[in-house]
Structures are given as C-alpha cells and as structure tokens.
Amino acid sequence: MSRLAARFAQLRARGERALLPFLTAGDPSLEATPELVLAAAAAGADAIEIGVPFSDPIAEGPVIQRASERALRAGANLRRVLQLVAQLRPQIEAPLLLMGYANPFYAMGAEAFAAEAAEAGVDGVICPDLPPEEGADFYAALAERGVDGVLMAGPTTTPQRLAQLARQTRGFLYYVSLTGVTGARNRLAPGIEAGVRAARQSAAIPICVGFGVSTPEQAGEIGRYADGVVVGSALVSRIEEAANPGAAAESVARFVAALKAPLAAGDRAV
Amino acid sequence: MSAQAAQGGAGEPGRFGAYGGRYVPETLVAALDELEEARLQIAQSAPFRAELGKLLEHYAGRPTPLYRARRLSEALGGGRIYLKREDLAHTGAHKINNVLGQALLARHMGKRRVIAETGAGQHGVATATACALLGLECEVFMGAEDVARQAPNVFRMELLGATVRPVQSGSQTLKDAINEAMREWVTFVRSSYYCIGSVMGPHPYPTLVRDFQRVIGVEARAQVLAAEGRLPDALLACVGGGSNAMGLFHPFIADEGVRMLGVEPGGCGVASGRHGATLGEGQPGIFHGQRSVVLCDDDGQIFPAHSISAGLDYPGVGPEHAWLRDSGRAEYRSATDDEALQALLDLCRLEGILPALESAHALAALPGLLAELGPEAVIVLCLSGRGDKDVPLVRERLRAE
C-alpha cells in the first residue's frame, strides 16, 4: 500500500478528513522550505504538496505565481526540489507530493524523473497541464516506481470522463472546486458536493477538493462530503507576508492547525 | 511525398508527428472538445464557409494583391519577387483572416464574449474589429512592455470597443499575455471564447487557425500561376507563432519543388542569447497547451524571447512548423533586429511600402535566398502586415543611431 493510501485508510478509520497544505519549494528560499514543511507536518498536515516552480504556471492565480517567481529567483529547480524531498523524507511521516508543470518534468525525462522521484521518497505527483491522454508514458513510469500519479477533475468534466479519471488516478482524485485558477475566494463555488458525490460513484478512491479554499470554515464545509482539502494560496500568502522565516514557520503552523481542526473531529458518515 | 505529408502531417487530428496535442488543465478539456466539434460541424460546413467568404471579400478586402516588386528585385540584383500583400487587408495584417473565422464561429457557438492575447497588437486590433462587427464583447490581454511599445494599437483596440488588460507578470510580453488569457479562459470557460492569434496552443487551435489562414496560400498559388505560368521556386515568411507562414505554406506542401523558408527573429544575434529563434535554437517541450519546440533551459523553465518586433517576441512556435522542420519540408533561418530594420527601410524607399517589423524579417532573408537560387528565381514573400504601428519605434532606433 502506498504511503498516501495508507494515510487515507488511517484517517478514514479515525473518522477524520485530510488536510493537504501546499507551499512552493524555494519560497522564499531553499533553506527556508524544510522548516516550513516540518512546521506544517507538526501542526497536523496529513500530506504536503510541494510546488515545483515554473516560469509559466497557467493554472495559478497571482499568489502562487509570485511564489513561483520568488522560488526561481532563489535558485529553485526540479533537481533541487528532489534533493529537498530526499532531505525531508526521513524527518517526516506525512506523504509528500510534488505539484508542477509538464515541461520541467519532461525536460528531465519521464523515466528519469520517475526514478529520481521514487529515490527521493516522493509519494505522489500532480501535474495540472498533463491530462492522462497526453501523459500516458509519464503516469506509467510513475506507477512502475510506486509513485502515485494524481489526476484532476473539475466542474466542467463530463460524467463519462469523471468516471474514467476516478478509475485512472492513483492515491486520490484531486477535485478542482471551481472554473478558474488557484487563489482564495470569499465563498465556495456551487456544485462541489454534487461533483464529489458523482466521482465517488465511479471508484472507491479518496477525493480531495482544492482551488479557492482558504478558511477553516470552508475546509470544514468540504470535509462533510470529501476525504480531504487542499489549501494553497491562503497559506502561501501567509509565508509571503511573514517578516522572516521564523515568523513564516509560526504562521504556517498556526494556520495549518486552524484548518485541520474542523477536519479532525470524528463521527462522520461517508 | 507521403499522403500524410501532403495533407500537413496530421495523422491523427491535432498531431503533427511528435508535436501538437492538448496539454491543458482539466477545466479546459470539455471546452476544447466543444470547439473541435464546432470546427468539424460548423466551420467546415458550406453555409459557414459562404458566410465567411463574403466577409473576407467585402469586409476584409480579399483577395489581397500579389504584387511584383521590380525595384526591390533590381536592387537585390535579380529574382522575380512577389509580395503577397496581407498588409492591405483590413486592419493591416493577415490576422483578420483568422479572427473573422473564429469570431464568426464563436457567434455560431452562442458565445457572447471573446478573449484574446496580443503581442504587437495586430491580433488584438483584428479581434476587436471582428467583435465590433459581430456584436461580441472583447477583452484583450497584452504584456505591459508591449502596451508601452505599441501604444497606437492599444488605443485602436479601445476605439473599437475592446478592453485592453495589461499583463504585469513574467517578461510582460506575448508569452505572459497568453498565460493570462488562458487563466481568464479557465475562469470564464463556459461563456467565453478564446480567440488565439496563431497556429499554436492546444488542439484544435493549430489546425483551426491554419485552416483560416490557408486563404493566403490558396490565393497566392493561383496568382503566381497566373502571373508566371508556373509555381514559385520558394516561399518566404516570418515566423513567430507562425500563422502567416503556415497560411502561405500549407497549400504548397504537396508541391515538392517549392522551397518553404520561415524566418525567425534573431534579435541581437542568436549567439547573444537575446533572440526568438525557437526552431533554430530551441528544444522539444511542452508550453501553452502543446508539445512543440520551445526556448527553455535544462530545467524546462521558459526563456523570455527577444525581438525588435513584438509580434515575433515569443519563445514557442506552432507545432506544425516543428514538424515541417523535422521532416525537412520547410527550412527556418533567422534575421537580426538590425537586418529587419534595414529591410524595412529598403522596402519603404524602393517600393513605397512600409512593412511591419515582423514582415521585414522575411524581407531580410531575400539576399541570402537569391544568392542560392539565382537571378531567375520566382519567390513569393508574405508581407504579413503594414508598419504604421512601428513608426514610433523605428524613429527612436534611427535617432539613437
């Protein structure tokens, strides 16, 4: 069983929902990232998404775009992100996922990347601009190395395709809550629950909801029907606003704990 | 030549050899399916083609002339040089061919709002024009640097009722405008139509745009046959994303004796690293929804391109060009900023035509091509746009010298 599958099974047994915070590797610096990841894990993160910076991140809103630019300026690249995961892996129990765009992965080569990701201890990979039709070689290479290739679905996904994605994904299905880019929103988009329930009909795979989720209240609302919640921009904003790395780690820990609280309470029917 | 090559290399729809495809966020998949359906069911239908044909003739001013540039030929020491005068099409460039097609398609699809990106502003102006004509709302994304260097076109778009949204992210040029247009499309995917400006992006755009631009080559082929009684020895066009070149080349692909030459922006010289010569210097990569050739580093980070012409200032290229290059059917070279500027000045003085800086890159490749082909060579060059928009920049450069 993959580390991700084991974690979801464990949470389900406890009646909990997963919190998956996202932060960009190398933001604000490569040195600061391990401390931020450890702070998130210690504060209750169930799995952590580590963003691989890219020059042209078309699915990101302004907050994560800026984080990506800061990280690139700080010298982050895919190789260094993999080194960072390798360094963190022995210190952390939570599954670690990479979220990044196709070109850096393919610049390394699908096979080479899969091998190095497995070696570093990466548990899952999310690639927003690589649908399964285009990334067959990539997802197969990951699967062969025991790394989960997490696919995304969303509100415009047709029912037929949703069923297909739910069967093809590994680890969990990432359900994009809205039509749009990443970033905090005042309220949740309508129809998320229906989308999640439709996906559930197709496959017994955990479903996590991301994009536009920025408060503990919103996380708790989604926790009623989904297996997990991804929070990115709202967390990255706190890192951006922190005066120094120490303050950033404290802020991350506080926010992660607040987001996890409504997801930790047991007594839920799936 | 294989049947596949003759029809442009697309074995499976949207595939050009190893290039093309659909590398997009999941949210756009259904919209691209809808567009592909519209391309097949609407854009290829006889009534649609008749409607578009009328607009191209009575509104855009097609067919554009194929003009024999005798004084230019004399100055270059030979050659029978024909200029396909896309600069004379409405709005001053070939861009109108594509946008009339796409805006009409948008209307047939029931979309009321059109979004577009623009580099030099030509595609933005054309899109704003087509939207005004067809009663559609129009929003154009433009890199902040391009907004500054193409001020006249920004105001033209506004006059036409479009909203221009300056893009501050990244290198603040065309690639960033495309990023932002795609983000906007992801957000308003159900109600908005994304009118992409070149033969690039996720399938079906490279095919859709090529088919709307093919009119350039279809006309030029008939015109040069009428004028010379034979096919040309070579075709010449500038390549940024590559739409005017693809429009000219495509109807000649099966004509094996016709050489096809694309000219990329050499910027300050390819050795300087400041250029946009994607096919010359790039590597295979995934960018803006397609697999093609891109300018990027070993880590896959996209380089900002550089060119004196905002319309060529792009680190990617349409996937069909990448395939034409690999198959050897077309060749690609580059011309520097200085060479393009000189070619622009020469055409002004020799022929009384002020070309766009983009088109001037194709003109700059003429001496080299003539040296290879000899003085009797028949060459068709796509004069893709007029240079009025570049007057302030050219003046500045000349003063600086």
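Modeller: A residue is buried under 20% relative accessible area, exposed over 50%, and partly exposed in between. The model discussed here is predicted.

Colleague: What makes Cys268(B) partly exposed?

Modeller: Cys268(B) has a relative accessible area of 45%. That value lies between the limits of 20% and 50%, so the residue is called partly exposed. Cys348(B), at 28%, is partly exposed for the corresponding reason.

Colleague: How many disulfides does the structure hold?

Modeller: Over all chains, the number is 0. A disulfide needs two cysteine sulfur atoms within 2.5 Å. For Cys268(B), the closest cysteine sulfur belongs to Cys238(B) and is 18 Å away, which is too far for a bond. For Cys348(B), the closest one is again in Cys238(B), at 16 Å, also too far for a bond.

Colleague: In what order do the 4 strands of the open sheet in chain B stand?

Modeller: The order is β7-β6-β5-β8, with parallel pairing. The edges are taken by β7 (163-167) and β8 (192-194), each with a single partner strand, so one side of each has no neighbour in the sheet. Direction ignored, neighbouring strands are turned by 25° against each other on average. Strand β5(B), residues 113-118, pairs with β8(B) over 3 bridges, and Arg113(B) stands opposite Ser192(B). Helix α9(B), residues 174-187, packs on this sheet and touches β5, β6, β7 and β8 of chain B. The direction of α9(B) makes about 160° with that of β5(B).

Colleague: Why is Thr91(B) called buried?

Modeller: Its relative accessible area is 6%, which is under the 20% limit, so Thr91(B) counts as buried. Thr91(B) lies in the loop between β4 and α5 of chain B. Among the residues touching Thr91(B) are Ile96(B), Gln122(B) and Arg156(B).

Colleague: What makes the pair Arg161(A) and Glu26(B) a salt bridge?

Modeller: The limit is 4 Å between a side-chain nitrogen of Lys or Arg and a carboxyl oxygen of Asp or Glu. In this pair the closest N and O atoms are 2.9 Å apart, so the pair meets the definition. The count between chain B and chain A is 3 salt bridges.

Colleague: How many residues does the contact take from chain B and from chain A?

Modeller: Chain B gives 32 residues and chain A gives 36. The area buried between the chains is about 2600 Å², and carbon and sulfur atoms give 49% of it. On the chain B side, Glu26(B), Arg183(B) and Ile286(B) lose the most area to chain A, together 25% of what that side buries.

Key
Residues are numbered from 1 along each chain as its sequence is written. Chains are lettered from A and ligands numbered from 1 in the order in which they are written. This is a predicted model: local features need pLDDT of at least 70, side-chain atom pairs count only at pLDDT 80 or more; totals for chains, interfaces and linings use all residues. Side-chain values use heavy atoms; hydrogens and water are left out. Buried means under 20% relative accessible area, exposed over 50%, partly exposed in between (1.4 Å probe, protein chains only). Two strands pair if DSSP finds at least two bridges between them. Helices (H or I, at least four residues) and strands (E, at least two) are DSSP runs, numbered from the N terminus. Axes are lines fitted to C-alpha atoms, for helices over the stretch in contact, and angles run from 0 to 180 degrees between N-to-C directions. Contact means heavy atoms within 4.5 Å. Buried area is the accessible area (1.4 Å probe) that two parts lose on being put together, summed over both. Lists of a residue's contacts leave out its neighbours within four places in sequence.
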